[in-house]
Amino acid sequence: MMTFIKQPWPWYVAGPLIGLTVPILLILGNKSFGISSSLRHICASCMPANIPFFQYDWKKEVWNLFFALGIFLGGAIAINLLSIPSVIQINPKLVQELAGYGITNYNNLVPEDIISWQSLFTMKGFILMIIGGFLVGFGTRYAGGCTSGHAIMGLSNLQRPSLIATIFFMIGGFIMANLILPFVLSL
Amino acid sequence: MGNKNFETRSLDAMCVNESMLKHKWYHNLKYLVVGILFGIVLIKAEVVSWFRIQEMFRLQSFHMYGIIGSAVITGIISIWVIKKFNIKTIYGEPITISPKTFNKGQIYGGLIFGLGWAMTGACPGPIFAQIGTGSTVILVTLLSAVAGTWVYGWLREKLPH
């Protein structure tokens, strides 16, 4: 059992478990699954600055911050207690492509060659982490949700706006990964 | 203020607290536990891996599509069962899910988020899990995402919706 847990889990185990988060949150307290709102609650609690969008009773949504804190702890538990050190198995074509950009370190979930404190102050690192992070925060709020709120919760409830959002998440990702990122990575 | 507050929340917050019950803060610990379990799955399935995200957007692996697809199917079945059998919360309240309304933000914002997703390899959930694995530099990405959310709130009235 422990050997199974310590291996990377296949999609058909992980996917249904992620999907079950939807009914669990509803049954525990009528909460709609979604995480990007936590970023909004952080803004509302720390720096509302008289902006109407941040003027609401964020304390009512504090469950979402507990949930986000749990995800952080879950990450720490999984990596320290439930994993064997292993290298991520990905398509050899991608390995070859990334090697061309000097990305060869597969010891972590993020590529340490480009996403690390050392590379934060390089052009590449700055674009990937600072600009990338900004686009994630700005885009999810503009779209009214992220992969959890729209792609999983929204689609589970058969919401057409969520289908539209999910399609555009994917289009944005395809454009970045195939057309823009090769240029950024070769900086 | 009251009504405006309601509108901003119902129109824009994905995580509207539908419950009318008042609880002590420690009732939130159950969401901490669900978060921990969810975070473990994200790591174990490598959903938070930058490499896996790149593979998905280059159509080089079925892994991420399998995860998202089977998660959605599980969610659809769960919500159907909840509605069909009128399942209540553990406090006996009826379960309500607020419908989402379409606006152009889902197109523009969706595209912008997609660009950021493929750069960072992280959506708002995985960001927290990535930090938990010890990649402390992702804190910078998180702060930048908070800044992005703040700037959206600030510019909101001027943006097409």
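How many salt bridges are counted between chain A and chain B? The count is one, a salt bridge being a side-chain nitrogen of Lys or Arg within 4 Å of a carboxyl oxygen of Asp or Glu.

1. Basis of the note. This is a predicted model, in which local features need pLDDT of at least 70, side-chain atom pairs count only at pLDDT 80 or more, and totals for chains, interfaces and linings use all residues. Residues are numbered from 1 along each chain as its sequence is written, chains are lettered from A in the order in which they are written, and side-chain values use heavy atoms, with hydrogens and water left out.

2. Extent of the interface. Chain A places 135 residues in contact (heavy atoms within 4.5 Å) with 122 residues of chain B. About 11,500 Å² is buried between the two chains, and carbon and sulfur atoms give 74% of that area; buried area is the accessible area (1.4 Å probe) that two parts lose on being put together, summed over both. In chain A, the residues that lose the most area to chain B are Trp11(A), Asn30(A) and Tyr142(A), together 8% of what that side buries.

3. The salt bridge joins the side chains of Glu97(A) and Arg58(B), at 2.9 Å from N to O.

4. Composition of the chain A side. Helix α8(A) gives the largest share of the side that touches chain B, 18 residues; helices are DSSP runs (H or I) of at least four residues, numbered from the N terminus. By class, this side has 86 nonpolar, 40 polar and nine charged residues. Here Ala, Val, Leu, Ile, Met, Phe, Trp, Tyr, Cys and Pro count as nonpolar, Asp, Glu, Lys and Arg as charged, and the others, Gly among them, as polar.

5. Helix α7(A). Just after α7(A), Leu158(A) takes a positive phi of about 55°.

6. Surroundings of Phe33(A). Leaving aside neighbours within four places in sequence, Phe33(A) is in contact with residues including Phe67(A), Ile152(A), Met153(A) and Phe38(B).

Conventions
Helix = DSSP H or I, 4+ residues; strand = E, 2+ residues; numbered from the N terminus.
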